[in-house]
Amino acid sequence: MLVSPSTMFFADPLPLRSGASIRAYDLRYETYGTLNADRSNAVLVLHALNASHHLAGLYAGQEQSDGWWDNMIGPGKPLDTDRFFVIGINNLGSCFGSTGPMHVNPDTGRIYGSDFPVVTVEDWVDAQARLLDALQIQTLAAVMGGSLGGMQALSWAVQYPDRIGHALVIASAPNLTAENIAFNEVARRAIVTDPDFSGGHFYAQGGRAETKPKRGLRIARMIGHITYLSDDVMNEKFGRELRSALRSDGSGAPVPTALDFRYTTQDVEFQIESYLRYQGDKFAEYFDANTYLLITRALDYFDPARGFGGNLSQALARATAKFLLVSFTTDWRFSPGRSREIVKALLDNRRDVSYAEIDAPHGHDAFLLDDPRYTQLIRSRFDRIASALESGVHHE
């Protein structure tokens, strides 16, 4: 499936929860499938921290350009683009085409940098709703997201209850725990204390060369990646294996070498260290430091119950969608207990909710991977939605 992105410009200011606003901004998005005659088969898929609008398919002439949820979305896949019109939107503040810190502030003529306004999950949902208005899509058959994307799906159900029929909230939570906020803060400090961060104004402009804070980004990614994997998977994949035991003979095939320690405090000794450094290096090449700060802070701020004295049941009282929540047993970043909190709050309001807790070894990343039980669950839900739409029942 070949795809290409589109960009939509919005001139009018978007009010933000901080009291600030942003005007003259772009939103990058992609669509898959065909919108039906009554415009009722649209599904909005929300992205997580380091993902984007590119959900599925390939870009022409670009090998290995698969969308980040290509195993889930496409013709004949669980979210079948032969039956649904699927939309992916890159959020404001990101670094994949929508207006973000690396773009020019129309009010100053200079690159935003760290002056880009702080955005929240609720702000993203408002911006997404504006794009749907421009596409003349009033109602969505469903919204779906994993992790931070699941938070956006939950927020859609509260902010625009009349515009969605189903909400699929996967590997997510109603807010971050103190431990999760702590991980985010350590990652942010790694970035802002990098000498190349320059207060967030590290972009090339006015004769100044770019000084991208790659060291901080590497460490931030390494911290994050540890939290995405389960202990079992890390032990199974790496254990205490030494990197020296897998040196190549030049043909690409690993050959055994001496298994003695190298007795170094600076060089890579264990395979897990090599893996984390590789992930950090790769991430630092394509991601933006200010974007990382913005998105992790949006994660921290998300808490729909905060305006209701911490009562999540009251916070979700406005939601009318039919819900499917999915969690994974080894996900310690967004544990199953957090999904069950949402389930309980919905049941308190007598809402239609289904919940699946899947015994999977992969940790938080399980929502991105192929598991027949998981993919069949998603397929069954969308089959049900499609059957209702085909029989003329909207918001089944």
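Biologist: How many aromatic pairs does the count come to?

Modeller: In this predicted model, the count comes to 20 aromatic pairs.

Biologist: What makes the aromatic pair of tyrosine 112 and phenylalanine 116 edge-to-face?

Modeller: The planes of tyrosine 112 and phenylalanine 116 stand at 75°, with 5.0 Å centre to centre. Planes over 60 degrees apart count as edge-to-face, and centres within 6.5 Å make a pair, so both terms apply to these rings.

Biologist: Why does tyrosine 112 count as buried?

Modeller: Buried means under 20% relative accessible area. Tyrosine 112 has 5% relative accessibility and therefore counts as buried; phenylalanine 116, at 4%, counts as buried too.

Biologist: Why is the pair of phenylalanine 197 and phenylalanine 202 called tilted?

Modeller: Their planes lie at 40° and their centres 6.0 Å apart. Stacked requires under 30 degrees and edge-to-face over 60, so the pair is tilted. Both phenylalanine 197 and phenylalanine 202 are buried.

Biologist: Which residues do ring pairs link into a cluster?

Modeller: The cluster consists of Phe96, Phe283, Tyr286, Phe287 and Tyr292.

Biologist: Which residues of α1 and α2 meet?

Modeller: Among them are Trp124, Val125 and Leu132 in α1, and Leu148, Met151 and Trp156 in α2. By class, this contact has 8 nonpolar, 4 polar and 2 charged residues.

Note on methods
Residues numbered from 1 in each chain as written. Predicted model: local features only at pLDDT ≥ 70, side-chain atom pairs only at ≥ 80, totals over all residues. Heavy atoms only, no water. Contact = heavy atoms within 4.5 Å. Helix = DSSP H or I, 4+ residues; strand = E, 2+ residues; numbered from the N terminus. Nonpolar A, V, L, I, M, F, W, Y, C, P; charged D, E, K, R; others polar. Buried < 20%, exposed > 50% of the residue type's maximum accessible area, 1.4 Å probe, protein only.
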